[in-house]
There are 2 protein chains.
Amino acid sequence: MEQFTIVESAHVVPQRVVTNDELATFMDTSDDWIYPRTGIHQRHVVNDENTSDLATSVANELLAKSGITADQLDFIIVGTMSPDNLTPSVAQQVQGNIKANNAFAWDLSAACSGFVYTISMASALLATKYQRGLVIGAEVLSKLVDWQDRSTAVLFGDGAAGVLLEKTSAQVGLLAESLKTYGEQSEFLTAGHQRNSNYFTGELSQADPYFHMNGREVYNFATRQVPVVLSEALDKANLTADSIDVYLLHQANARIIASIAKRFGQPIEKFPINVANYGNTSAASIGILLDELRIEGVVHDGQRIALAGFGGGLTAGALIIQL
Amino acid sequence: MEQFTIVESAHVVPQRVVTNDELATFMDTSDDWIYPRTGIHQRHVVNDENTSDLATSVANELLAKSGITADQLDFIIVGTMSPDNLTPSVAQQVQGNIKANNAFAWDLSAACSGFVYTISMASALLATKYQRGLVIGAEVLSKLVDWQDRSTAVLFGDGAAGVLLEKTSAQVGLLAESLKTYGEQSEFLTAGHQRNSNYFTGELSQADPYFHMNGREVYNFATRQVPVVLSEALDKANLTADSIDVYLLHQANARIIASIAKRFGQPIEKFPINVANYGNTSAASIGILLDELRIEGVVHDGQRIALAGFGGGLTAGALIIQL
């Protein structure tokens, strides 16, 4: 076991809510079309914030809730596919904003598996050489959405969430994990192509900020592979599916989650879903869900939980955590 | 100690060489101006490759040199500030290209400290839960260079390099590290600002791919802070500066390296410099240098080496490694 405790969790979403009905005012879509297919009623969209602003708010909340000072942090890792810049990274902006003078900081790029991948990395850092750090998933996906493309525009939202993790001698932390990447299927979900151009060869490829998705392939991928990584992680931990109290899955689509629960032979009640309120917030989604469930008391100390992410890369990953 | 061995190293640069003299044909500059100030004579620039192509070539070389098959890899981490896309990440493209079916993959964003930061993360993964992985630094910086701006265009080059790391029971690996981030100084070196724009609020900020650098501030930062992280890492390892056989520093500028060697009270001969041939290749530079020095026999088993990165973020980091 890699021993750590989740000291605190926090989430932040922009105030501005865009409902399906509002989308229908400028796009050939409707709540009657979107909701049955995705489970989404609304999403949050930034007014004037960028990803580093949302991530900084989460960091400040984590410090305020925990009573830990910025100077006590050893690291800040941000999972994001929508950074403000290629340098500095979002985590480095957060580190500067909160004056975490003893923390190093970097971003991890693994799209919708970002939260699971970052927690795995933070867990290894706490098990080997550091005491305490922030793990944040933060996204402003509204800047990667083509708002003329009704096949993707209805799916995504902005938000950020994170946890403050601390090394502990208690028997809690990461029991096992399974992380997988399927780069041969990367074309099924892409975003943020960066222009490749220089003086000598001219423009090799044009910039294309937007999401491009083969929805059917991603659906098939997720419903097939998430049970695989969950099973593999449970096997490594010598645990059964029944022994998990709550499954926190990346909130891409309510139908994907229902299908995974069914294939996995577990009651849907053990798979909480909040995608109705946020849409798909990529690396932020599991953190938002975790924080809501901790506030509601649905997730609490003493439980054994599973986190599972999946999406762009393509990637998937599952963590089994003893709280 | 986090025990691992560097099984192999490899580096790849694009064939196309751009000399200072060629730059002078379309820019108000000259070799006489550039070389004394930077130590750079030439850089490599892609013909039609992107970052994932260079990184894939490095991965294939590492496999060919080591005789290890792609299936035997547990992870692929790429340090880059010039990814092809925001998703998939470069590491995920490499994973798909080489068919590393058992490896998970993600990118780390820490600019010129990318190589040092990725090795630190890989080291923690090998110490806790995995057997073998690739760590690659890969950059196509020519796409982030404003070729009209002579203050930055002369500095950067394209390239990639990496190492195959394996867990070991031998007394070799990471002795100590010091990683630091200085986000409050992030404005001194920025690149790749991503457009923030959505239907509801319009354009919040415009895309700006280009490097912007306050050269004097970055110079002062590097010459001040690299000795700090080196000293801190040596202190943690209970070692003196004299006990290090070779110092492999990020190759940004020969004058920075000379100044650091002087401040650190170590002979310049222990700080090899190859920036003349490549320019600043960001996350790739230390790996290119390491591979060249291993081929030349200057770096070999039994030595104790120090790696130090510094740059965008701002970030710095030092690793003390027993070979």
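Helices (H or I, at least four residues) and strands (E, at least two) are DSSP runs, numbered from the N terminus. This is a predicted model: local features need pLDDT of at least 70 and side-chain atom pairs count only at pLDDT 80 or more, while totals for chains, interfaces and linings use all residues. Residues are numbered from 1 along each chain as its sequence is written, chains are lettered from A, and side-chain values use heavy atoms, with hydrogens and water left out.

**Exercise 1.** Work out how much helix and strand residues 234-322 of chain A hold.

*Solution.* Start with the record: an unreviewed UniProt entry lists residues 234-322 of chain A as "domain: Beta-ketoacyl-[acyl-carrier-protein] synthase III C-terminal". UniProt positions follow the numbering used here, feature names are shortened, and annotations may be inferred rather than shown by experiment. Next, look at the stretch itself: the chain is 33% helix and 22% strand there, with the end C-alpha atoms 12 Å apart.

**Exercise 2.** Find out how domain 1 and domain 2 of chain A meet.

*Solution.* First, the bounds, which come from an automatic or database domain assignment: domain 1 covers 2-170 and domain 2 covers 174-322. Their C-alpha centres lie 14 Å apart. Then count contacts (heavy atoms within 4.5 Å): 53 residues of domain 1 touch 45 of domain 2. Now the buried area, meaning the accessible area (1.4 Å probe) that two parts lose on being put together, summed over both: it's about 3800 Å², and carbon and sulfur atoms give 63% of that. On the domain 1 side, A:Cys112, A:Val116 and A:Tyr117 supply 17% of the area buried against domain 2, more than any other three residues.

**Exercise 3.** Classify the ring pair A:Tyr182 and A:Phe221, and say what it links.

*Solution.* Rings of Phe, Tyr and Trp (its six-membered ring) pair if their centres lie within 6.5 Å; planes under 30 degrees apart count as stacked, over 60 as edge-to-face and the rest as tilted. The structure holds 25 such aromatic pairs over all chains. At 4.9 Å centre to centre and 80 degrees between the planes, A:Tyr182 and A:Phe221 are edge-to-face. A:Tyr182 sits in the loop between strands E8 (173-181) and E9 (189-190) and A:Phe221 in helix H7 (residues 215-236), so the pair ties together parts 39 residues apart in sequence. Last, check burial (buried is under 20% relative accessible area, exposed over 50%, partly exposed in between; 1.4 Å probe, protein chains only): A:Tyr182 is buried at 15%, and A:Phe221 is buried at 1%.
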